[in-house]
Amino acid sequence: MVLAFVSEFLSGLSYFITNSVAAKIPFWTVRKMYYRIKGMKIGRGSYILKDTTVVYPRGIVIGDHTYVNEHCFLDGRGGVTIGSNVTIAVYTKLITGGHRIDDDIFAYHGERIEIGDHVAIFADSIVLGGAVIEDGCVFSARSLVRRGIYGKSGIYAGNPARLVRKRKSALSYKQDTWHPVMR
């Protein structure tokens with residue numbers, strides 16, 4: 001019983017430090033160092049901006065030149081892989097965890113989120129566990145991305161997100177011109 005309490009206490013303390021202290025540090029290089037110590041894999045030239053909530057950092061892998069903007073929510077409990085040259089706009093939530101609604105104890109379960117390269121997920125969208133987003137996809141603001149495969153270069157919108165059209169891009173760009181220092 002004491003061991004369970006200590007484990008819960010340390011887990012809560014880690015969450016508090018990650019999201020009430022580290023997430024508010026105004027210098028990205030310091031935050032990045034902290035996230036890496038906590039087990040997150042972050043590629044070259046990638047940024048997670050201030051005030052982003054991170055749950056279970058060691059379950060998150062981010063490629064090169066990817067931007068996660070302010071006030072996002074990254075849930076690594078079920079596993080999150082984000083490719084290179086990805087933009088995740090403000091207030092977007094990547095949620096891998098949920099509960100089994102027909103289970104007598106409402107048991108937790110997690111499902112992985114996979115995001116390919118050259119993807120843009122615009123403001124206030126929600127991506128749920130089980131979503132596989134292929135290279136080049138774009139999601140309009142406030143999209144709900146549910147479990148399933150979202151095909152390469154698709155432009156999606158809505159709740160639930162539905163294909164609007166295909167993107168016309170060679171997907172050869174590299175996001176390496178923006179280097180926020182105090183965000």
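How many bridges join strand β16 to strand β19, and do the two strands run parallel or antiparallel? Two bridges join them, and the strands run parallel. The model discussed here is predicted.

Strand β16 covers residues 138–139 and strand β19 covers residues 154–157. Phe139 has Tyr156 of β19 as its bridge partner.

β19 also pairs with strand β20 (residues 162–166), here in the antiparallel sense and over four bridges. Tyr156 stands opposite Leu163 of β20. The hairpin of β19 and β20 has four residues between its strands, and in this hairpin Gly158 takes a positive phi near 105°.

## Aromatic pairs

The structure holds nine aromatic pairs. One of them is formed by Trp28 and Tyr35, with 6.4 Å centre to centre and 45° between the planes, a tilted arrangement. Trp28 counts as buried because its relative accessible area is 4%, under the 20% cut-off. Tyr35 is buried too, with a relative accessible area of 0%.

Tyr47 and Tyr67 form another tilted pair, at 5.9 Å centre to centre and 35° between the planes. This pair links distant parts of the chain: Tyr47 lies in strand β2 (residues 47–48) and Tyr67 in strand β5 (residues 67–68), 20 residues apart. Tyr47 has a relative accessibility of 10% and therefore counts as buried; Tyr67 is buried at 8% relative accessible area.

## Ring cluster

Which residues do ring pairs link into a cluster? The cluster consists of Trp28, Tyr34, Tyr35, Tyr47, Tyr67 and Trp178.

Methods: Residues numbered from 1 in each chain as written. Predicted model: local features only at pLDDT ≥ 70, side-chain atom pairs only at ≥ 80, totals over all residues. Heavy atoms only, no water. Phe/Tyr/Trp six-rings, centres within 6.5 Å; stacked < 30°, edge-to-face > 60°. Buried < 20%, exposed > 50% of the residue type's maximum accessible area, 1.4 Å probe, protein only. Pairing = 2+ DSSP bridges.
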